[in-house]
Amino acid sequence: MPLYAYGCAACGNEDDAFRTVEQRHDGPFCCGERMSLEIRPSYVQGDLQGYVSPVNGKWVEGRTARRDDLARTHSRPWEGMENEKREADRQRKYAEDKSEKRLDEAARRAYHQLSPAQRRTLE
Ligand SMILES: [Zn+2]
């Protein structure tokens with residue numbers, strides 16, 4: 001979603017907001033009115049501030065270094081406790097479903113390898 005620049009005609013306040021292209025004229029509110037879309041020189045996003053990697057203690061500076069560090073340490077950005085719990089639940093459910101499916105397949109395979117007489121004793 002692109003980032004658009006808005007300005008308030010009443011007080012001159014400026015703001016940026018993410019909008020879909022179709023909704024770009026729906027600016028944020030200021031002074032009781034929607035701010036109007038402004039055309040400003042293209043917005044340049046600054047690079048990330050450096051930080052010490054919590055995994056290996058190495059200094060990480062900039063987006064490229066961050067991406068490389070995440071890949072190298074098999075990590076992903078922290079997304080808040082709620083999202084982390086949801087992701088853990090999703091992975092647990094996936095593993096359970098997979099294990100259940102494997103067990104079911106093994107049982108079917110074993111059943112089909114039985115002789116008709118052996119099958120009858122099970123029924
Ligand atoms: Zn205003």
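Predicted model: local features only at pLDDT ≥ 70, side-chain atom pairs only at ≥ 80, totals over all residues.

Analyst: Residues are numbered from 1 along each chain as its sequence is written, and side-chain values use heavy atoms, with hydrogens and water left out.

User: Which residues coordinate the zinc ion?

Analyst: Cys 8, Cys 11, Cys 30 and Cys 31 each coordinate the zinc ion through SG, at 2.3 Å; donors are N, O and S atoms within 2.8 Å of the metal (3.2 Å for Na, K and Ca), and because water is not among the atoms, sites may look incomplete.

User: And what is the geometry at the site of the zinc ion?

Analyst: The site is tetrahedral, with angles of 106 to 117° among the four donor atoms, the rule for four donors being that all angles lie between 85 and 135 degrees.

User: How are the donors spaced along the chain?

Analyst: They follow C-x2-C-x18-C-C. Cys 11, in the loop between strand 1 (3-7) and strand 2 (14-18), and Cys 31, in the loop between strand 3 (29-30) and strand 4 (33-34), are 20 residues apart and link distant parts of the chain; strands are DSSP runs (E, at least two residues), numbered from the N terminus.

User: Is Cys 8 buried or exposed?

Analyst: Cys 8 is buried at 8% relative accessibility, whereas Cys 11 is partly exposed at 46% and Cys 31 is partly exposed at 48%. Buried means under 20% relative accessible area, exposed over 50%, and partly exposed in between (1.4 Å probe, protein chains only).

User: How many disulfides are there?

Analyst: The count is zero disulfides, a disulfide being a pair of cysteine sulfur atoms within 2.5 Å.

How values were computed: Tetrahedral: all angles 85-135°; square planar, octahedral: opposite > 155°, others 65-115°. Helix = DSSP H or I, 4+ residues; strand = E, 2+ residues; numbered from the N terminus.
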